[in-house]
Amino acid sequence: MIEMIKVRHNNVVPMMAMGVQQLKKGMDPKIVYEDLVEIHQFLDRFYMSRIGIRMLIGQHVALHDPNPPPDRIGYIHTKMSPLEVARNASEDARAICMRHYGSAPEIDIYGDLNFTFPYVPSHLHIMVFELVKNSLRAVQERFMDSDKVAPPIRIIVADGIEDVTIKVSDEGGGIRRSGLPRIFTYLYSTAENPLSEDTDLGTGENVTMAGYGYGLPISRLYARYFGGDLQIISMEGYGTDAYLHLSRLGGSQEPLP
């Protein structure tokens with residue numbers, strides 16, 4: 001029963017995104033989205049509690065698995081290799097980029113292959129996937145009509161005492177400084193919106209290249225859920241670096257709003 005509750009709510013994110021799109025349509029186009037504090041606070045609270053509930057349900061169901069995979073305690077992988085998760089997430093993002101554009105930049109990953117630490121692999125996968133997808137789109141669109149070879153996206157995994165940090169670097173032209181405050185708002189996307197009112201959301205598995213305007217704010221919530229954070233540093237005219245900090249101390253309390 002609990003598992004079915006979780007499955008039933010799989011497509012809540014695109015469904016809420018459609019709600020926000022409809023809200024935007026009815027709004028005065030002059031409204032500055034950053035000023036709509038109460039909408040952002042509501043969505044932050046909504047999504048943070050959703051992450052918490054899904055973590056609890058997932059953990060509960062996984063603990064009752066009679067044949068758990070090795071080194072797993074429910075959802076938590078006690079020996080997770082961030083490099084391996086980053087590689088899988090990048091390959092998934094690259095496949096979507098290939099499907100969308102017909103080609104995709106290379107992705108180089110640096111770090112210690114043997115390094116592991118306890119974390120929830122599905123959370124890390126969501127975050128890296130979103131960051132890499134953004135980078136792929138930026139690089140692809142910048143170099144699509146150029147004779148130059150698209151530069152690779154670099155992922156660096158660093159193992160610190162307090163944090164494990166994953167940096168995703170691209171040369172996709174960067175974000176304007178005036179646009180930076182907007183990238184963590186729910187009402188802002190630089191891409192065309194892939195959802196129409198007639199879209200059948202199904203199980204929420206239909207991942208598009210971009211356009212919900214949700215990737216970054218939700219990824220930051222996932223990072224903060226376990227005491228980490230996500231920062232974006234951009235050089236307009238060159239590219240963007242995303243720093244994903246994952247706390248490894250395991251002493252953080254659930255940041256419920």
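Tutor: At 67% relative accessibility, N114 counts as exposed, a label given over 50%, with buried under 20% and partly exposed in between (1.4 Å probe, protein chains only). This is a predicted model, in which local features need pLDDT of at least 70, side-chain atom pairs count only at pLDDT 80 or more, and totals for chains, interfaces and linings use all residues. Residues are numbered from 1 along each chain as its sequence is written, and side-chain values use heavy atoms, with hydrogens and water left out.

Student: Between which strands does the loop with N114 lie?

Tutor: Strands are DSSP runs of E with at least two residues, and helices are runs of H or I with at least four, numbered from the N terminus. On that basis, the loop that holds N114 lies between β3 (107-110) and β4 (117-119).

Student: Which residue of β6 stands opposite I156?

Tutor: Strands β5 (residues 153-159) and β6 (residues 163-170) pair in the antiparallel sense over 6 bridges, where pairing requires at least two DSSP bridges. Within this pairing, the residue of β6 opposite I156 is K167.

Student: Are α4 and α5 parallel or oblique to each other?

Tutor: The axes, lines fitted to C-alpha atoms over the stretch in contact, with angles from 0 to 180 degrees between N-to-C directions, come within 8 Å for α4 (residues 82-101) and α5 (residues 121-143) and cross at roughly 40°. Angles under 35 degrees count as roughly parallel, over 145 as roughly antiparallel, 65 to 115 as roughly perpendicular and the rest as oblique. Therefore α4 is, relative to α5, oblique.
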